[in-house]
Amino acid sequence: MSPFDRPVGPRSLAVRAEAGTAAAEVLRRVLAEDGARLVLLVPDPHARFAAVELAAPFAAEVVDSGYGVCSYVFAWTPEREPLPETGPLKPYLGGFGDLRVRLDAATAFPLGDRTWAVVGDAEFPSGEPAGLAPRTVLRTQLARLEEHGLVPSIGIEHEVVFRTPEGDPLTGHGVDYAVGGTERLAPLLADLRSATAGLGVESARAECHPGQYEVVLRHRDALAACDDALLLQMLTRRAAARHGARADYLAAPEAGQGNSCHVHLSLSTSDGPAGFRSALGAFLAGVLRDARALSAVWAPTWNSYVRLRTAPFSPRELRWGPDDRTSAIRLCETPRWEFRFAGADAQPHLVVAALLAAGTAGLAEQLSPPDAGTLCGQLASSPWEALALLEEGRVAALLGEDVAAQQAALLREELDAALGSVTDLHRRRGALRS
């Protein structure tokens, strides 16, 4: 068994740290060899990596010492422009200094050509964790859940649309569970299977909409699940580019269509899976109570709300049901919950952290879940509504004031960018007035 394997099932933070220590010993030797390269990855707030590439022999030293990355990567726009320097964002924007990225060697994954991708945690020069880093936010919530004697196992499934450079889907029609009709995708998908071997892909299939595919990663600890979900997206985009195509992770590829980030979650204790009537029920009740307040996490972009408002399998109504894909939360076998709120544009570390924060609050308050099918409210129907919810304070109570302020700044910038743009919709409707 390789120290870089992705074990199936839950791992506590302590067990995961032990795995990282063992992996670091091997990684140092690998990166010291002539021709070896390290791609150091840091998840940012926009569901992508910031990256630094390092070559041997210096790459091996970085395993112990870490390496610097500009602090604004946690306070920038999708176009990599800094957000306004206000409140909790000032430490990340004032002077644009370096944060130290400490490698998590357990994340190491071979990219080929003697190159290794490794994800890291960011900290200030003082050693204090960077509180706005999505990995830090998730670690905090995992530690809080462990105080209740529980550890989660997470499986993430993403949908993606493959397009030509001109923007046309690689299939002209929906291909849900299809074999025939997907021939144009076959070379790209074969390349992707090769590139992701060892990542722990559970299944892949054609999906509902033109050019759409779904890839599911096997259950693993929460940090690994989120890191690997972003790594899978990176590898998918690279494979698409090699075939003259592009991979589209928009939440709504078109009106009436949805690309989702469904999160499958189960809880375990030292004695095995937690029972529905106890931990899982209280956890569910907490998520249902706070899901509306957390709308901006599930739906961080203007496009996110097109998905929530128009795509029929992207439910805005908050209810749960046993094996019911029309519900916002589906109870599967095991027992395992499928949380269907988030779009493919959502940041997975923050999505899982928000689920854990809300669920842990339900555990702490010993909440009781509603009956299946009971309507418990709705997610926000617009980015303005989501912004107002952010400013009410519940997100700050769950994820911290700094994270709530960061999410509000990001959503305000998203609205400013949308309202400062002229789109095809504007032109079409303007033409109708002539």
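**View 1. Helix H9 and its buried residues.** In helix H9, which spans residues 302–310, Asn303, Ser304, Tyr305, Arg307 and Leu308 are buried (under 20% relative accessible area, with exposed over 50% and partly exposed in between, using a 1.4 Å probe and protein chains only). Their packing partners are strand E11 (261–269), helix H8 (295–298) and helix H11 (383–390). Helices (H or I, at least four residues) and strands (E, at least two) are DSSP runs, numbered from the N terminus. This is a predicted model, in which local features need pLDDT of at least 70 and side-chain atom pairs count only at pLDDT 80 or more, while totals for chains, interfaces and linings use all residues. Residues are numbered from 1 along each chain as its sequence is written, and side-chain values use heavy atoms, with hydrogens and water left out.

**View 2. Threonine 77 in its loop.** Look for threonine 77 in the loop between strand E3 (67–70) and helix H3 (90–93). Threonine 77 is buried, with a relative accessible area of 4%. Leaving aside neighbours within four places in sequence, threonine 77 is in contact (heavy atoms within 4.5 Å) with His46, Arg48, Leu83 and Glu413.

**View 3. The largest nonpolar core.** A nonpolar core is a set of buried Ala, Val, Leu, Ile, Met, Phe, Trp, Tyr and Cys residues joined through side-chain atoms within 4.5 Å. The largest one here has 120 residues, and Phe74, Trp298, Ile329, Phe341 and Leu399 have the most contacts inside it. Helix H10 (residues 348–364) supplies the largest share of this core, eleven residues. Zoom in on phenylalanine 341: not counting residues up to four places away in sequence, its contacts include Trp298, Ile329 and Leu355. Arg307 and Leu308, which are buried in H9, also touch phenylalanine 341.

View 4. On a 1 Å grid over the protein atoms alone, a cavity is a set of points where a 1.4 Å probe fits but cannot get out; lining residues have an atom within 4 Å of a point. Grid points are joined across faces, edges and corners, and a volume is the space filled by probe spheres set on the points. The count comes to three cavities of 30 Å³ or more, and the largest cavity holds about 60 Å³ of space. Helix H1 (13–32), helix H4 (134–146), E7 and helix H6 (222–242) each give two or more residues to its lining. Among the lining residues are Arg11, Leu142 and Asp221.

Terms used: 1 Å grid on protein atoms, 1.4 Å probe; cavity = no way out; pocket = protein on both sides within 12 Å on 5 of 7 lines; lining within 4 Å.
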